[in-house]
Amino acid sequence: RIAYVNGQYVPVSKAMVHIEDRGYQFADGIYEVCTVVNGRYWDMEGHLARLDRSLRELQMDAPMDHAALRVVMKEVVRRNRLKNALVYMQVTRGVAPRNHAFPPEGTPPSLVITARRFNLNRGDALAESGVSVISHPDIRWGRVDIKTVGLLPNALAKQAASEAGAYEAFLVRDGYVTECSSSNAWIVDESGALVTHPKGNTILGGITRQTAIACAEELQIKVIERPFTLEEAKAAPEAFLTSATSFVTPVTAIDGVRIGSGKPGPVARRLREAYKARAA
Ligand code: PDD
């Protein structure tokens, strides 16, 4: 595998970052994950726009402009000879002797881009069977709308899910489900409308969430952006999650409680089909 690291394409085994990189010492960095399906980037525009937003919110310099970034993103996929790929992009505030305050102006940001094979069949199989989730306290900081690499609470939640044999964790703050450890959470209400937590500082505004809203509008399915409780989710006819890597994946159990019939529901199915058709 080949990675792009600060201006060079290197084998992943030889790809290194400095021990005083601020990403390493302070999680002072941001990232994006996007997919390439049949050689085409999905939602690239949205991911680049969110990258810019994350940089802006943290007053971080962009490593390069969009045109250059697009070239590197495509080149990494090409050099790894991938048709279906999962691309990881990370920007940190760069290398400087450890000091909490920002390094001097002009310190170049670090940019790393990697790509690995994206198994579409696995996702389809999961969507076919549906996945189970657990609930887990949302102990994250106050700006989770910024896609930073500070993901320890997310990692702990995903680990708890994994130990429980579940695919994801519904994060709960004050009784309400905010989102999941690495995806957005949705339910379908009794009227067939989609319900998902509104954007703001307590969720990451998913790019797939945005595209799913557009798909729902095309399908004339109503979308209500409001918080929902864990109890409401457990009693909902359907639940599902969205992310760049899982698309739209039906949730068929929460904390062992069966959702709807215990099988993927029709609304989530339609939405997944529409998402795939739109992105392709
Ligand atoms: N995660 N919420 C959180 C906390 C996330 O980390 C992600 C993405 C999402 C969904 O966003 P999007 O639809 O733009 O992928 C929501 C990526 C996939 C990751 O960390 O691997």
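The exercises below work through the domains, strands and ligand shell of a predicted model.

Residues are numbered from 1 along each chain as its sequence is written. In this predicted model, local features need pLDDT of at least 70 and side-chain atom pairs count only at pLDDT 80 or more, while totals for chains, interfaces and linings use all residues.

**Exercise 1. Describe how domain 1 and domain 2 divide the protein chain and which elements of domain 1 touch domain 2.**

Step 1. Domain 1 covers 2–118 and domain 2 covers 123–279; such bounds come from an automatic or database domain assignment. Taken over C-alpha atoms, the centres of domain 1 and domain 2 are 26 Å apart.

Step 2. Contact joins 20 residues of domain 1 to eleven residues of domain 2, where contact requires C-beta atoms, placed from the backbone, within 7 Å.

Step 3. On the side of domain 1 that touches domain 2, at least two residues come from each of β3 (29–37), α2 (44–57) and β5 (85–92). Helices (H or I, at least four residues) and strands (E, at least two) are DSSP runs, numbered from the N terminus. The largest share of that side, eight residues, belongs to β3.

Step 4. By class, that side holds nine nonpolar, seven polar and four charged residues. Here Ala, Val, Leu, Ile, Met, Phe, Trp, Tyr, Cys and Pro are nonpolar, Asp, Glu, Lys and Arg are charged, and the others, Gly among them, are polar.

**Exercise 2. What is the strand order of the open sheet of six strands, and which are its edge strands?**

Step 1. The order is β2-β1-β6-β5-β3-β4, with antiparallel pairing; strands pair if DSSP finds at least two bridges between them.

Step 2. β2 (8–11) and β4 (40–41) are the edge strands, each pairing on one side only.

Step 3. β1 (residues 2–5) runs antiparallel to β2 and is joined to β2 by four bridges. Ile-2 has Pro-11 of β2 as its bridge partner.

Step 4. Helix α3 (residues 66–79) lies across β1, β2, β3, β5 and β6 (110–117), at about 40° to β6. Axes are lines fitted to C-alpha atoms, for helices over the stretch in contact, and angles run from 0 to 180 degrees between N-to-C directions.

**Exercise 3. Follow the pairing of β8 with β7 and with β9.**

Step 1. Five bridges pair β7 (residues 131–137) with β8 (residues 168–173) in the parallel sense. Ile-134 is opposite Ala-169 in β8.

Step 2. β8 pairs with β9 (residues 176–180) in the antiparallel sense over three bridges, with Arg-173 opposite Tyr-176 in β9.

Step 3. The hairpin of β8 and β9 has two residues between the strands, and Asp-174 takes a positive phi near 50° there.

**Exercise 4. How many residues surround the ligand, and which element supplies the largest share of the shell?**

Step 1. The ligand is surrounded by 15 residues, the closest being Leu-204, Gly-206, Ile-207, Thr-208 and Ala-244. A residue is near a molecule if its C-beta atom, placed from the backbone, lies within 6 Å of it.

Step 2. α6 (207–218) and β14 (238–243) each give at least two shell residues; the largest share, three residues, is from α6.

Step 3. The shell comprises four nonpolar, nine polar and two charged residues.

Note on methods:
Contact = placed C-beta atoms within 7 Å.
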